[in-house]
Amino acid sequence: MIRQDLQGTHILLTGVTGFLGKVFAILLLQEVPDIRLTLVVRPRRRTQTALQRFEHIADTSPALRPLRERYGADLGRFLGERVQVVSGDIEKPRFGLDRPALDALRGQVDMVVHCAGLTDFQPDPARALAVNVAGAKHAADLAGYWKTPLIHVSTAYVAGNVSGDIAEALRPGVGPSGERFDVAGEIRALQEACRTPSKQTRIDRGQERALALGWPNIYCYTKGLAEHLLAQRTDIGLTIVRPAIVECARTLPFRGWNEGLNTAGPLAWLISTAFRRLPTQGEHPFDIVPVDDVARGLALTVAAVRRGEQPGVVHLASSDANPFTFERAVELTGLGFRRWTRKGGGTSADRWMRWLDPVPVAEDAPGPFAVPRLKRWARSLRKATARFEPAEHLPTVIADVFGDTVREQLDSLTEQLDEANTHLVRIEKMLELYRPFIHDNRYVFATDKVRAWSDALGDDEAAFRWAVPELCWREYWVDVEYPGLSTWCMPVLRGEEVPSDPPSTPPLRLEQPSTTLHELAGK
Amino acid sequence: MPELHPAAFFRVEGTLLRRPTALAAAWLATNSQRLASRLTRLGSVALGAPLAWSGADPTTAARVTWMGLRGMSEDRLVILGEEYWATWLDDDVRPVGEDLVRQARRDGRRIVLVSDNLDVVMQPLVERLGADLLVANRMELRGGRATGRLAEPVVARFGGQRLKDFAADQGLDLSRSTAYGAAEADSALLAAAGLPCAVHPDRGLRRMARDLDWPILEHDR
């Protein structure tokens with residue numbers, strides 16, 4: 001039934017260069033006959049057009065492996081038939097498309113799916129406003145112009161600083177704190193706050209405004225503002241899809257695939273280092289969803305909208321039907337690390353570290369290795385080493401013979417302590433950013449809609465099944481997530497290259513593509 | 001009446017593997033999540049050793065040995081069970097034991113592995129040998145954590161009425177079945193089978209095998 005609902009649908013999709021957008025596009029291209037995708041891609045450089053950028057991604061991104069394997073040398077023709085790349089920028093009104101281009105797509109596009117977004121927890125609010133708020137408004141403007149439904153991908157964490165069961169609903173103009181606010185006024189105020197040239201001041205002001213309305217960070221705040229802004233629109237059929245924490249793929253494009261820095265990556269990295277005590281509430285759910293399951297949930301939502309349903313808000317989360325607690329996540333991360341190093345991963349130091357398991361700790365009982373205490377120790381030791389003068393503090397005979405060596409060693413130790421202190425400050429900041437999600441708030445997101453749609457699928461539609469309620473967290477976390485993070489995310493954290501596939505020879509070209517909407521309009 | 005199948009019962013410890021079960025319990029205990037638990041659990045596991053060596057009731061010894069894992073999560077038991085197998089047992093399988101399993105399979109027998117180790121440790125052996133059934137101990141779990149008790153019935157000695165009930169449930173013909181054991185504690189299993197065989201037996205089982213004319217098979221060393 002879902003294939004029938006989606007067959008021949010023409011979707012204008014943003015965010016295809018991102019993590020979720022890629023998997024969603026691949027799912028549709030693999031599973032839906034005659035699907036048509038118009039992909040909004042921003043040219044990266046003056047030398048790389050939107051089409052070239054997409055072709056490069058299709059040619060070298062590991063995410064496209066299933067399509068490359070299926071179509072081989074024919075991939076260019078296949079993509080050329082199904083995909084149309086348009087040069088656009090979500091930060092510009094109507095994505096920067098002029099009227100002829102807009103008119104050329106009118107009547108073709110059945111739906112706008114807006115996946116693009118800035119997912120850093122603490123971005124420059126000016127950027128977050130441009131991408132997360134203005135981008136969503138521009139997507140709504142396009143949907144309004146074409147009179148098509150809009151599916152806006154948000155985040156479950158727009159719920160803000162609250163604890164408990166979170167319904168699939170939105171109260172327009174009411175922040176998570178329960179306080180009423182004027183969305184347009186709030187956006188104006190944030191724009192005003194962003195006028196300062198200092199980025200840190202912008203971040204501080206943005207964070208202040210976020211907290212005042214009950215959002216834990218600028219990411220959730222701007223995503224929340226976008227939802228409230230879109231909810232005011234009466235000219236579009238709006239559906240908001242709210243995934244929780246999007247993580248490594250279970251099966252599509254292949255087991256373990258991930259891209260960029262996601263929420264769990266830094267945490268898994270942190271507790272795989274010498275830092276082994278994560279301040280968290282062990283019994284709180286860690287709401288993880290594999291990226292391919294999010295793509296499936298999104299496809300189920302698109303199908304429902306195509307059938308004429310008006311789902312409103314849809315959660316794609318795991319905490320209500322199959323909760324995975326932080327306590328388990330911390331332990332399984334240690335066990336995953338252990339298995340990964342046993343199978344040859346990591347350095348020799350990592351292989352020693354595997355014997356020390358990470359543990360969740362309550363914030364009021366942080367133990368002897370709490371970050372503030374370690375920082376104090378590092379600072380005190382640094383002061384002591386800096387003050388120590390061999391000529392002054394050692395007997396003359398020893399100072400004469402070993403003074404220079406001792407000084408060199410102390411200087412080296414001072415450098416190491418400085419590095420350790422920098423590292424600890426980074427950890428402290430990171431824990432502060434994560435604190436609302438891993439410690440303060442207990443979220444249980446209702447997922448009734450996606451489960452009902454999935455239950456209604458036929459036996460031959462398993463490719464779209466929402467399998468999160470049956471997911472075995474042990475197998476997923478140890479055999480999929482941890483190896484996936486190790487391969488695709490941790491190199492990013494270490495400043496190393498992430499593996500990509502070699503380009504084909506000759507490089508992939510979409511056959512008969514419509515390169516830009518301007519050309520399309522001219523035809 | 002359903003057809004009954006001949007089986008080959010293998011007492012894993014001694015017949016297929018050299019390492020005693022208590023080492024698995026000790027290793028799991030020393031790999032607890034928290035450092036303090038490693039010591040306390042190891043101490044608790046160690047209490048079972050004198051019981052086992054003093055010839056006390058093997059069921060009690062097994063209960064005491066595994067009691068030390070109380071509070072360990074199911075995730076840890078399963079993952080470390082696999083790791084223990086891969087690290088310590090996979091290269092420890094006795095070639096003669098594997099030959100006997102292959103022969104039994106060629107003879108059309110159902111392969112039944114009997115072990116007082118945990119099922120999570122033995123599962124890879126089941127897969128390696130392609131065994132049909134596993135009789136092993138299971139930790140009782142509550143809320144995803146071990147209670148420290150073994151689920152009933154505890155596997156220590158395996159024989160008598162319990163073996164008969166098991167055979168009846170699984171459609172096995174004990175009178176046409178072979179049984180392989182290595183220790184005196186396995187005598188009840190061997191005595192119940194039509195074709196018992198002592199494999200590199202300890203002193204007690206060797207004496208019994210001689211008295212009862214059971215064949216004795218020595219391992220390659």
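**View 1. Strand β11 of chain A is covered on both faces.** In this predicted model, A:Val313 and A:His315 on one side of the strand (residues 313-316), and A:Val314 and A:Leu316 on the other, are all buried, where buried means under 20% relative accessible area with a 1.4 Å probe and protein chains only. Strands are DSSP runs of E with at least two residues, and helices are runs of H or I with at least four, numbered from the N terminus. In a regular strand the side chains alternate between the two faces of the sheet. Local features need pLDDT of at least 70, side-chain atom pairs count only at pLDDT 80 or more, and totals for chains, interfaces and linings use all residues. Residues are numbered from 1 along each chain as its sequence is written, chains are lettered from A and ligands numbered from 1 in the order in which they are written, and side-chain values use heavy atoms, leaving out hydrogens and water.

**View 2. Strand β7 of chain A (residues 238-243) pairs with β11(A).** The two run in the parallel sense over 4 bridges, and strands count as paired if DSSP finds at least two bridges between them. A:Arg242 has A:His315 as its bridge partner in β11(A).

**View 3. A:Arg242, found in strand β7 of chain A, is buried.** Its relative accessible area is 4%. The side chains of A:Arg242 and A:His315 are joined by a polar contact of 3.3 Å, that is, a pair of N or O atoms within 3.5 Å, of which, within protein, one must be able to donate a hydrogen and the other to accept it, while residues adjacent in sequence count only if both atoms are side-chain atoms. The side chain of A:Arg242 also reaches the backbone oxygen of A:Ala169 at 3.2 Å.

Conventions: Buried < 20%, exposed > 50% of the residue type's maximum accessible area, 1.4 Å probe, protein only.
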